[in-house]
Amino acid sequence: MNKVTPDASLRVISAVRDLLTQLQGATRATDEGRHVPAEIIAGLRSAGVYRMVVPAALGGDELDLQTFLDVVELVSEGNGAAGWDVAASSWGALVALSFPQGGLACLCDAGPDVIFAGGVAGAGQAGEPDGGH
């Protein structure tokens, strides 16, 4: 990752701190609904957490590993499920960096906020279909 400016890191961390009350308030809805509510996802997106590990060349913030870990920890303090979502989405974006050229760019066609559902794990073999990944 490129060297990140302290301002970019502080901006994301400050935005997440501003969401802590909302994150904590959504814990029951998260637990009962078994998903992170859409308004929490929207708040995290506005805070920049879904773009923090996306390369700057694709519109992301390309933040350093320590900031990523600090943000995941802070979100998790407010709402564990939301913290897991942020971590999983970010790791998904990081895995996508290993795609053939243009793979992550395809994921960022609609913008640098990369939000994944599910997980990045599995067994088996992957192949490259014609024109795809």
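The accessible surface of the protein chain comes to about 7,700 Å² (Shrake-Rupley method, 1.4 Å probe), and carbon and sulfur atoms hold 53% of that surface. This is a predicted model, where local features need pLDDT of at least 70, side-chain atom pairs count only at pLDDT 80 or more, and totals for chains, interfaces and linings use all residues. Residues are numbered from 1 along each chain as its sequence is written, and side-chain values use heavy atoms, with hydrogens and water left out.

**Overall build**
- You will find six helices and zero strands in the protein chain (DSSP runs of H or I, at least four residues, for helices and of E, at least two, for strands, numbered from the N terminus).
- Of the 133 residues, 41% are buried (under 20% relative accessible area, 1.4 Å probe, protein chains only).

**Helices H1 and H4**
- The axes of H1 (residues 6-25) and H4 (residues 65-78) come within 8 Å and cross at roughly 10°; axes are lines fitted to C-alpha atoms over the stretch in contact, with angles from 0 to 180 degrees between N-to-C directions.
- H1 and H4 are therefore roughly parallel to each other (angles under 35 degrees).
- Their contact (heavy atoms within 4.5 Å) involves residues including Val12 and Val16 of H1 and Val71 of H4.

**The nonpolar core**
- Leu44, Val49 and Met52 touch the most other members of the largest nonpolar core, which has 28 residues (buried Ala, Val, Leu, Ile, Met, Phe, Trp, Tyr and Cys joined through side-chain atoms within 4.5 Å).
- H1 gives this core its largest share, seven residues.
- Beyond its neighbours within four places in sequence, Val49 contacts Val12, Val16, Leu44, Val71, Val86 and Ser90.

Key: Parallel < 35°, antiparallel > 145°, perpendicular 65-115°, else oblique. Buried < 20%, exposed > 50% of the residue type's maximum accessible area, 1.4 Å probe, protein only.
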